[in-house]
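Subject: Structure handover

Hello,

Here is the structure I said I would pass on. Please open it and keep it beside this email as you read.

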Amino acid sequence: MLRVAVVGSGPSGVYAAQALVQQDAVPQVHVDVLDRLPCPYGLVRYGVAPDHEKIKSLQGNLRTVLEHERIRFLGHVEVAAADAPPGTGLSTARLLRLYHAVVYCVGAARDRRLGIPGEELPGCHSATEFVSWYSAHPDSSGDAFRGSSLRPVHSAIVIGAGNVAVDVTRILARGAEELRPTDMPQPALGALAGSGVRAVHMVARRGPSQGKFTTKELRELGTLAGVDTVVDPSELALDPRYLDTAGLPAAQRRNVEVLRGWSQLPPTGGSRTIDLRFFLRPVQVLAGPDGRTSGVRFERTEPEGPSGVRGTGRYEDIQAQLVLRSVGYLGVPLAGLPFDPAKGTVPHAGGRVLRDGSAALGEYVAGWIKRGPTGVIGSNRPCAKETVASLLADAPALARREVFAGDPLTAIRALGLRPVTWPGWLAIEAAEADLGRALGRRSVKIPDWAGLLAAAGGE
Ligand code: NAP
């Protein structure tokens, strides 16, 4: 029998666990899926927007995998990050002594920064902070958005043109009543209901043909009740590939056509607007007299080469009381694992972790920590399969590794850690359903550590 630890219970971790138990080869594989949170599903629970219920329903598929007889979920078990204080969490070295192999599927937990003056001002945040808050992530304080914080915000700027930017733009523009049927925590719903936001400016530094968003997500911005989607046709026309779409890949061509359609629509007098801007590069977050964010200064860019842009020396200020930067994620190094800081990933060959250029027996990666923060949820399935194929090819050598003879869970508990096992997670789910009933809503997420651990039964 091979004992494998998968670190991370998001899509890549669960797909890796599934691929491990699905194989027919001997030896049989038993998998512990570890997560630092008491709840499984990673970004499907804490990243996918609450109003994207179809994508959220993937949790059902992930759940079936985690209930497999040879898979065990162990939540509330942290594997130490490189910058964690000594003694915090399980070390990577110890994991290797407990399991024949470890597959790290820890995602990309940090957000990229803009590196411009003013980024630290109150009122300027990462989209991840906003997403974590409305997704009830227990690490989110939500201080910046809670209560009546959004009331004085009339104009918001979202920097970036990926799907996360589209998500936060939509959540800011959508009426709270439409979010009520979701599992959004009650305080976030209340704060959004009291929000003063009337305009959301989503700003891209390149052209409409270079947006990273997918067409389905983009198109949805045009379907929100009471919201006008505004695009300036002359700004779109700065992009040569907007004027001539012949050479564009189908996905980009579809995006451009959606934007063209909006640019021709008359305003409907909706109570909110989404203003999509292009060829504007952020250079400074501006401060108002109260020391809070009052807007962003952008430099107008123009196309350079096939897909680049260059500055023009012309500037435009957009006023806003809230700025969310949504410019992608970065992986976080784990103590004891090699890391490529430029890419934010762990160096690997076919999913085998590379130490000084050679594959390290017993250590593997899958998902965003392997390939960077790109692709949709489904992209993780082939990625995890490739890694598991490498692991299984190593199985004879892995089986010869000397590891702890007993149950790793006993050893983990002996370290003073208090894992939340599957019954604990089911108890959290039940408590969230109860909370929803008490509020006259469907299941509503518990947003804090104490509440989650108490619901898990003090495990
Ligand atoms: P992303 O797709 O990589 O988009 C990042 C955006 O930030 C790009 O528009 C990029 O512009 C811009 N950017 C980067 N640095 C910048 C800077 N210094 N100044 C201004 N703009 C800058 O990242 P993401 O939106 O965080 O999404 C991550 C992944 O999750 C993606 O694969 C995404 O599809 C996926 N996701 C999917 C869904 C869904 O399917 N519904 C929802 C959320 C996320 P350039 O192109 O010019 O670099």
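This is a predicted model: local features need pLDDT of at least 70, side-chain atom pairs count only at pLDDT 80 or more; totals for chains, interfaces and linings use all residues.

Residues are numbered from 1 along each chain as its sequence is written, and side-chain values use heavy atoms, with hydrogens and water left out.

The ligand

There are 22 residues around the ligand, and A161, N163, R205, R206 and G375 come nearest (a residue counts as near if one of its heavy atoms lies within 4 Å of the molecule). Polar contacts are pairs of N or O atoms within 3.5 Å. A polar side-chain atom of R205 is 2.8 Å from an oxygen atom of the ligand, and one of N163 is 3.0 Å from a ligand oxygen atom. V164 uses a backbone N or O atom instead, 3.1 Å from an oxygen atom of the ligand. Taken alone, the ligand exposes 910 Å², of which the protein buries 82% (accessible areas by the Shrake-Rupley method with a 1.4 Å probe).

Helix α7 (residues 163-173) gives the largest share of this shell, 3 residues (helices are DSSP runs of H or I, at least four residues, numbered from the N terminus). The shell divides into 10 nonpolar, 7 polar and 5 charged residues; Asp, Glu, Lys and Arg count as charged, and Gly is among the polar ones. Domain 1 (2-109 + 331-419) and domain 2 (111-328) each supply at least three residues of the shell, with bounds from an automatic or database domain assignment.

The cavity

On a 1 Å grid over the protein atoms alone, a cavity is a set of points where a 1.4 Å probe fits but cannot get out, a pocket is an open set with protein on both sides within 12 Å along at least five of seven lines, and lining residues have an atom within 4 Å of a point. The whole structure has 1 cavity of 30 Å³ or more. The largest cavity holds about 50 Å³ of space, and its lining includes H125, F145 and R292.

The second largest pocket

This pocket holds about 360 Å³ of space. It is lined by 19 residues, with K56, Q59, D183, S443 and K445 closest to its centre. Its lining has 5 nonpolar, 5 polar and 9 charged residues.

Regards

Technical notes: Grid points are joined across faces, edges and corners, and a volume is the space filled by probe spheres set on the points. A polar contact is a pair of N or O atoms within 3.5 Å; within protein, one must be able to donate a hydrogen and the other to accept it, and residues adjacent in sequence count only if both atoms are side-chain atoms. Helices (H or I, at least four residues) and strands (E, at least two) are DSSP runs, numbered from the N terminus.
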